[in-house]
Amino acid sequence: MFVEQLINGLAIGTIYALVAVGYSLVFGILRLVNFTHSSVYTLGAFMVYVGVEYLHLNIFLAILFSLVTTGFAGVMIDKMGLEPLRKKGASKISAMITTIGLSYIIINCLNIAFGSQIIRFPDLFNYGTFKLLGATIAWQQVIIGAVALILLVALSIFINRTRIGLAMRAVQQEPSAAAINGINVNMIISLTFFLGAASAAIAGTLIASYNQYLRSSMGDIVGLKAFAAAVLGGIGSLPGSVLGGLIIGVSESMAVYKLGGSYIDMVAFSLLFLVLLIRPYGILGRKGSTKV
Amino acid sequence: MALLEAKGITKKFGGLVAVDKLSFEVKQGEIVSIIGPNGAGKTTVFNMITGIYEIDEGEIVFDNKVISNKSPIYIVEAGISRTFQNIRLFKQMRVIENVMVGTHIKTNYNFFDALFRTKRFRNEERKATQKAIDILESIDLGDYINDYANNLPYGLQRRLEIARAIATGAKLLILDEPAAGMNPQESENLLNFIRSLQAKGYTILIIEHDMNVVMNISDRIYVMDYGKRIANGTPSEIASNPDVIKAYLGDASEILEEDDAV
Amino acid sequence: MNMKKENKSLYTKAVITIGQLWENPIIKGIILLALALFVYFLPKMATLYFQRIAIMVAFYAIGAYTAVLLTTYRGTNYLVAVILGACLAGAFGALLALSTMRLSGTYVTIVTMAFFYVISSIILNWDSVTKGSVGVLNIPAPNLFGMKLTMKNGGIFYLIMFYAALTILATQLIINSKVGRAIKAVRDDEMAAIMMGINNKKYKIIAYTLAAFFAGLAGTLYGPFMGYINNATFNYDICISALVIVILGGIGTVKGAIIGAIIISPLGELLRGLTTFMKGLPEWMQISQPEQWRFVIYGMIMVIMMRFRPQGILGGQSKLPYKMPKGVERKVMK
């Protein structure tokens with residue numbers, strides 16, 4: 001049981017990490033907790049469903065379709081909702097409330113279109129199980145973890161090794177200086193939203209496939225936990241988000257293993273609370289990076 | 001008899017000694033200025049006096065009471081009140097409310113008096129409001145009572161900050177760069193205002209960059225550089241002190257050498 | 001004959017519909033109003049209004065469950081149960097204030113969010129006491145000095161109106177006193193407030209306790225009004241409704257909260273009415289899910305208000321002169 005739970009925890013943890021990275025990216029650049037993120041995650045999974053069910057695409061095309069549409073939705077959230085506020089010099093709280101409002105619009109539009117009940121979703125990685133150290137492990141978990149991990153590595157390479165990534169980091173550090181140096185700040189912000197939304201879409205799809213269902217409320221808890229993961233690791237820090245995600249994923253499944261399932265949702269927050277008491281800016285967070 | 005006396009106070013941030021065994025005193029009814037180049041540790045001194053920073057060494061005595069390492073609230077109650085370098089009014093509150101917040105510690109009723117509007121509440125509240133109005137009248141802010149603090153012109157905001165400090169019942173007012181960001185006309189008005197405060201019996205300690213203000217208003221001046229006191233005396237003494245000129249303009253001989261090199 | 005009968009039933013129906021249209025929203029609105037009002041009191045350290053409201057709902061749930069469990073299973077006197085419920089919520093408020101004192105910004109946000117989740121998790125899982133998702137059924141009608149207050153005799157309605165008046169009055173009394181000024185000062189600029197001799201910690205605790213107490217008090221109303229409560233009663237939707245009220249009416253004003261509650265509360269019933277009305281129209285014009293549409297509208301209100309009037313309808317700075325106590329006057333008139 002222990003090994004199974006550990007593998008399971010790591011798999012879920014990488015998904016949390018993938019969502020947490022989205023919070024972190026946007027926070028790093030706008031110093032804003034983006035509350036649309038959990039609804040974008042849900043939207044991503046639904047777009048795959050739309051691709052398969054309504055557009056009759058094969059699954060990979062459907063995922064691609066979802067990546068593009070969800071990523072585009074992410075960009076639109078910024079362009080329509082947040083950019084006008086930035087131009088006006090509105091307060092951070094206005095921006096935050098706008099993201100809450102947009103998130104509510106997205107989720108309830110999904111509700112209106114698809115209903116709030118459970119919808120079956122195909123199991124994308126149903127390749128049976130294998131034995132490891134006497135434990136039975138589903139390939140599905142391994143693949144989910146691996147896909148999320150590959151994406152995280154790719155994202156990190158993109159941000160740390162490419163010119164566009166460099167520009168992103170420059171905007172994070174000092175938007176006005178970056179603008180003076182010829183970086184198109186709004187373009188970089190859009191890109192950030194695109195990346196965040198696309199990675200959330202993948203995460204949503206993976207989870208939907210893991211549970212074999214989707215529903216409009218699927219993002220609520222995952223979103224909160226991923227946010228907790230981002231804060232736990234130190235929001236604004238990419239490695240911090242990954243670490244936070246893994247810690248929360250593993251400790252949750254350990255809690256299920258030791259205590260049973262009923263208090264699972266409390267684990268993440270209790271953990272977060274404890275960590276913040278000792279390290280008020282998260283595990284890898286720096287003091288300066290937490291201005292809200 | 002000194003109203004405020006700092007005896008060898010020291011403040012370290014990590015390895016950096018921001019204020020180094022500084023001593024100074026302010027006598028009853030004086031206007032004393034602390035000047036010095038940027039980073040000399042002036043604002044740190046203010047933060048030490050008002051209890052925002054703890055003091056590593058030394059002692060501060062005010063009105064025969066040791067106030068070093070006491071809580072800011074204790075220090076306000078002892079009779080010291082301050083203004084800030086970058087104005088920190090309660091922006092979303094009215095002018096009169098700002099001053100009434102200043103009367104907080106002198107307003108003597110509790111939560112339940114407020115909830116049941118007891119006689120004590122009514123008396124105290126009337127007293128506080130009257131006091132706030134009197135203070136505002138006395139410094140020509142009477143016409144702005146109903147305005148919100150963030151709508152006042154800059155110079156009046158400075159003035160309101162001082163009014164708020166007075167309302168705490170302070171004997172010593174500590175002004176952190178009161179003339180910062182003011183045009184010559186505004187700082188001239190401020191000068192007169194500070195003099196009128198002195199005439200009313202307030203003791204005043206100022207940090208200021210504006211030499212015109214400092215030289216015109218101070219009874220005595222202390223000069224700081226790198227956390228240390230390098231000079232003290234009357235304005236005319238300070239103006240001719242070679243150490244001060246060196247601290248402000250750099251070493252004259254160095255300048256000459258550079259000229260030679262060219 | 002037949003026609004007339006049909007007409008009459010239609011008329012009765014309409015009356016009933018209009019009755020329902022207003023009765024429910026007024027009661028819900030007042031409960032939400034109580035929630036919204038005291039959001040104002042929570043210091044800025046709870047950065048986000050949404051989080052403030054989330055914890056308000058948690059306090060509200062604490063009040064509701066305490067009162068309902070006591071009256072339903074212990075037969076406690078209604079008034080005693082109400083006071084205990086509100087006080088327990090207040091105590092939790094003080095506790096939360098103490099535990100977030102060291103933290104700042106985002107971290108307070110997450111801790112308060114966690115608080116909301118811990119409370120809902122306890123309600124769901126502590127079966128033996130809270131009855132989990134089944135909830136507490138058959139909550140007795142409040143019994144005040146031998147008088148049963150029910151929906152039928154309108155008693156609950158008056159009770160709720162009384163609470164609303166009480167809450168508004170208390171807010172006004174506290175705001176216009178040194179306590180209210182201190183809380184506002186700490187909210188506006190904590191450092192400057194400390195320099196005025198204000199004990200920032202004390203007033204943060206007072207603010208949280210007050211907010212929690214009145215949220216708890218509002219909570220004690222909900223049980224008798226609905227007749228049952230369960231874990232689903234206290235969800236994010238209530239947070240959102242209260243948030244929209246505050247945003248629409250104006251953050252930080254009593255009048256704003258009242259106006260917001262008046263506008264927002266009937267929205268759900270109106271949409272439901274609209275759905276019935278549209279039954280005859282072609283399918284594509286029908287609004288089939290009034291609840292969902294309500295939330296879409298909430299979302300739009302938030303986005304639009306933030307864009308065009310972030311201070312709310314009645315928010316921002318008052319143009320009325322400051323209300324002076326009697327006997328105070330300006331000595332010099334220029």
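In what order do the strands of the open sheet of chain B stand? In this predicted model, local features are reported at pLDDT of at least 70 and side-chain atom pairs at pLDDT 80 or more, whereas totals for chains, interfaces and linings use all residues. Residues are numbered from 1 along each chain as its sequence is written, with chains lettered from A and ligands numbered from 1 in the order in which they are written.

The open sheet of chain B has 6 strands in the order β6-β7-β8-β3-β9-β10, with mixed pairing. Strands (E, at least two residues) and helices (H or I, at least four) are DSSP runs numbered from the N terminus, and two strands pair if DSSP finds at least two bridges between them. At the edges stand β6 (80–82) and β10 (228–233) of chain B, each with a single partner strand, so one side of each lacks a neighbour in the sheet. On average, neighbouring strands are turned by 20 degrees against each other, direction ignored.

Strand β8 (residues 203–207) of chain B has 5 of its 5 residues buried and is therefore largely enclosed by the rest of the structure; a buried residue has 20 or more other C-beta atoms within 10 Å of its own, the C-beta atoms being placed from the backbone. T203(B), L205(B) and I207(B) point one way from β8(B), while I204(B) and I206(B) point the other way. Strand β3 (residues 31–35) of chain B pairs with β8(B) in the parallel sense over 4 bridges, and V32(B) has L205(B) as its bridge partner. The pairing of β7 (residues 172–176) of chain B with β8(B) is also parallel, over 5 bridges, with L173(B) opposite I204(B). Strand β9 (residues 220–225) of chain B and β10(B) pair in the antiparallel sense over 5 bridges, and D225(B) stands opposite K228(B).

In chain A, the axes of helices α9 (residues 218–233) and α10 (residues 238–259) come within 7 Å and cross at roughly 120 degrees. Axes are lines fitted to C-alpha atoms, for helices over the stretch in contact, and angles run from 0 to 180 degrees between N-to-C directions.

Between chains, 31 residues of chain C are in contact (C-beta atoms, placed from the backbone, within 7 Å) with 40 residues of chain B. The largest share of this side of chain C, 7 residues, comes from α7(C).

Note on methods: Contact = placed C-beta atoms within 7 Å. Buried ≥ 20, exposed ≤ 12 C-beta atoms within 10 Å, placed from the backbone.
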